[in-house]
4 protein chains.
Amino acid sequence: MSWEHPVDVVVTVDHDAETAAMQAGRRGPSMTGIGDFGANIGMPRLLDALGSRGIAATVFVPGWVAEQRPESVQAAAAAGHEIAAHGYLHEYPASLMDAGEERMVISRAIDALVAVTGTRPVGYRPPGSRYSDWTVGLLCDLGFRYGSATQDDDGASLPAGRPVPLAEIPCHWQLCDDLYGWQDDVRMSPGQVEDTWMSELEAIGRYPGRAFVLTVHPHQVGHPGRMAVLERVLDRAHSLGARFRTCEQIAAELLADGRGSADIES
Amino acid sequence: MSWEHPVDVVVTVDHDAETAAMQAGRRGPSMTGIGDFGANIGMPRLLDALGSRGIAATVFVPGWVAEQRPESVQAAAAAGHEIAAHGYLHEYPASLMDAGEERMVISRAIDALVAVTGTRPVGYRPPGSRYSDWTVGLLCDLGFRYGSATQDDDGASLPAGRPVPLAEIPCHWQLCDDLYGWQDDVRMSPGQVEDTWMSELEAIGRYPGRAFVLTVHPHQVGHPGRMAVLERVLDRAHSLGARFRTCEQIAAELLADGRGSADIES
Amino acid sequence: MSWEHPVDVVVTVDHDAETAAMQAGRRGPSMTGIGDFGANIGMPRLLDALGSRGIAATVFVPGWVAEQRPESVQAAAAAGHEIAAHGYLHEYPASLMDAGEERMVISRAIDALVAVTGTRPVGYRPPGSRYSDWTVGLLCDLGFRYGSATQDDDGASLPAGRPVPLAEIPCHWQLCDDLYGWQDDVRMSPGQVEDTWMSELEAIGRYPGRAFVLTVHPHQVGHPGRMAVLERVLDRAHSLGARFRTCEQIAAELLADGRGSADIES
Amino acid sequence: MSWEHPVDVVVTVDHDAETAAMQAGRRGPSMTGIGDFGANIGMPRLLDALGSRGIAATVFVPGWVAEQRPESVQAAAAAGHEIAAHGYLHEYPASLMDAGEERMVISRAIDALVAVTGTRPVGYRPPGSRYSDWTVGLLCDLGFRYGSATQDDDGASLPAGRPVPLAEIPCHWQLCDDLYGWQDDVRMSPGQVEDTWMSELEAIGRYPGRAFVLTVHPHQVGHPGRMAVLERVLDRAHSLGARFRTCEQIAAELLADGRGSADIES
């Protein structure tokens, strides 16, 4: 089997460490321990798996994680991965008071990444993968080149109606390793996750101009059995002819073209 | 393997777009974005998959969706699919105050479809697939020929005790693509959904006079891996000898006969 | 493969019709419609599947269901199945005020079954499969020969410490068709349920004196794909050498022996 | 297939009997019956399966269970398994008032085990597998040699920053038989659990210095179909070259070396 149409394959890594647990009000050593697992165990395995395949990923990092665990972020950057912003303390946009507070959060996220990597991020994924009513406006204002949150397309696009051109890299819940569940609420077995990802991967090339955007968290995907699933999916993508891209590369192409891949299908 | 008895196979499409999310009180660009995915991505793929197989489906459309996204409804009608009613804003009957409010909702739903398609719908599926105590009376009153909500049969029927003859096209939760879950509450993998639908499809022909009624939502089933599952199920149905029908066609046969297929089995 | 030790295989049918939905406070035509599906569609299919295999089952019937749907109960009795009691309106014992109220419920359940079948039931399964603190005492008092609720064994037994000898037929959640989920909360695919039941069936014969007690509901298992799973499990049980028994038959053997099968293993 | 690196395989048994249900406020004969199933049915099967394979496990026992069901604990000790502490009444550390109350609980747990086995336990797993902010300090204070709760590693380690050297044996939710669900909330089929455990087992040997730590409960894993899954996983581990260890053995090696296996990978 081979794809009818070329597909952009994007590996995005949400390097949340303990921020997601903290935000949910869960505390204690066993909760925040997923931060250690993510940074110390999951991230090196992920970098190895990507590096040995020559794949550059986009790593979304909350500002606080960059400050607390700079080595893990610098290691990813040094390995050629894009570092992009993901809130300061993994704040869900909808939980913030107003546009002013969200601007403060995003600005602080930018500053933290600049301090650790020396580079200003060009992409933003809102924690929880949902924009507030004002997130997109803020991203345009703050000079980002792309956002990554919407569920309205499965191709990357340059959505109309944004104040300035801002590309959108879609993400979809079924292509996220949160399928495995969270802590003691384990939900899918590795076989079910592999089935979900592979089904989508095999079929997506039937449609022109699509992007297969996977989202993984080092503390989730870093377990050996789950790493093996990810690696089989990446290898299958390669054998199907995947064009591996970072979000930044796709955004740059869209902004240069002035049109989204969505235009190709419709 | 082949069926012992012929089976009516009905593809029903609930074209809810963003109304289901709005009704659940979920807002924001990432929530309502499933409306864009449904109308712009899922619906064209669905129409292609049905069209290339020569299958006419029944598309249930909330009035508001018809008004906001008329092209997607007109495209379905132009392709030969039946357009039927599904509330105005996807209101659950049980959430309405009284029969008066439900009558207003259904009337407004009819008007919206007439305005967009030029045809008065003959079928109604209550959002949530559950009747209130007065829905059936209202449908009889407003001249509908069938309703589609009950779980008391797996064959289409002409239930006794209704004020005027009103056919019933059953629907069952396990034959709905909501098995995949909703937004971040992903539940079944494509393999599990395919297993659920195929098991039912393979076995239903053991019983006479049955109908296999599938319910899909463009924003759910429109993802490539899920489209592939749907297409395999349709192809298997075809190879088993399916009589593909719209709800309207089945209702017309029942009303002409004056009896339901349920009578055949019992 | 064949079992090392003989196994009693018991098919128990909880013929709840609409009582389970009513008890949960769910109303409306689409909710209570599962009663029609259970009695009119599921039960005949179940009786066929059992009858064609020469298997006698134990059918637990709430008193109210016996009164409202006597034909479905009489058909089961006429086909040689045991009819046993299951509350009056499917009342969970823990929800009743005191022993007096529970005695009234059980007495009324007995009366309803006697009126419909002409026979006094000898077995009782509390709705929800959980005893209150006084259920067992009441069953002893009211002349029952067995109860079926506990999870403390996977063999039938004659538990010590009961006022008079009262056998216990165990039941386990994973051997119940509620694995499929309920209404719109569909949980397992047919393949998962089959895996769960078959795994237990294949392995149970490694231990002496065990009983494989399946619990099905006509409105759940009556769907064609689910009937096919049940039939494959029954056929596999047969090929493994199952001794098909009703609860009453097992209880009679235990009471005659004065000891439970649990004694055999320990 | 064989592992690239040797792996420690640890079977841990949480012998909770009815304490987990009691703690959750669930009472009544059918709830506490899982205690009988665990102690009388599950534990002997587990001891057989381990014994016939020559595997020594670590059995974590709440103090109350040791007092109420001493024979089941003594049988495990006599068979060569390590007996370790697990609260007195299965108290979640986070639910206790302060360090004083937790100290009292742990002390009482120790006393109960000493009374029943004659040996002071050297290991502690907090019920719920989560430490409070003061658990680790108390364990150091009370002379334990290891704790087993954290999710921050998948190798056993000697974490820095503890008052005295205290080894840590990790445990992970996906390697626990609670995947099967609990009572009427059945979640995974045996095939899904086997897939989850086998995927992790097959892949873990790709990384040096790892430990595969399985957690089972006699009342969960004791059902025949689930025992068969466990036995296949143990046999596969053996064929992959597993070094079966108790927690105590691993802790002793770490404390002798003065370093954790985590040091090996990083």
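**Exercise 1.** Find which backbone oxygen lies 2.8 Å from a polar atom of the A:His172 side chain, then describe the surroundings of A:His172.

*Solution.* Start with the backbone: the oxygen is that of A:Asp153. Now widen the search to contacts (heavy atoms within 4.5 Å). Setting aside neighbours within four places in sequence, A:His172 touches A:Gln151, A:Asp153, A:Asp154, B:Phe37 and B:His223.

A word on the model: it is predicted, so local features need pLDDT of at least 70 and side-chain atom pairs pLDDT 80 or more, while totals for chains, interfaces and linings use all residues. Residues count from 1 along each chain as written, chains are lettered from A and ligands numbered from 1 in written order, and side-chain values use heavy atoms, without hydrogens and water.

**Exercise 2.** Is A:His172 buried or exposed?

*Solution.* Its relative accessible area is 8%. Buried means under 20%, exposed over 50%, partly exposed in between (1.4 Å probe, protein chains only), so A:His172 is buried.

**Exercise 3.** How many salt bridges cross the interface of chain A and chain D?

*Solution.* Apply the rule: a side-chain nitrogen of Lys or Arg within 4 Å of a carboxyl oxygen of Asp or Glu. That finds four. One of them pairs A:Asp185 with D:Arg187, closest N and O atoms 2.8 Å apart. As for residues, chain A brings 27 and chain D brings 27.

Conventions. A polar contact is a pair of N or O atoms within 3.5 Å; within protein, one must be able to donate a hydrogen and the other to accept it, and residues adjacent in sequence count only if both atoms are side-chain atoms.
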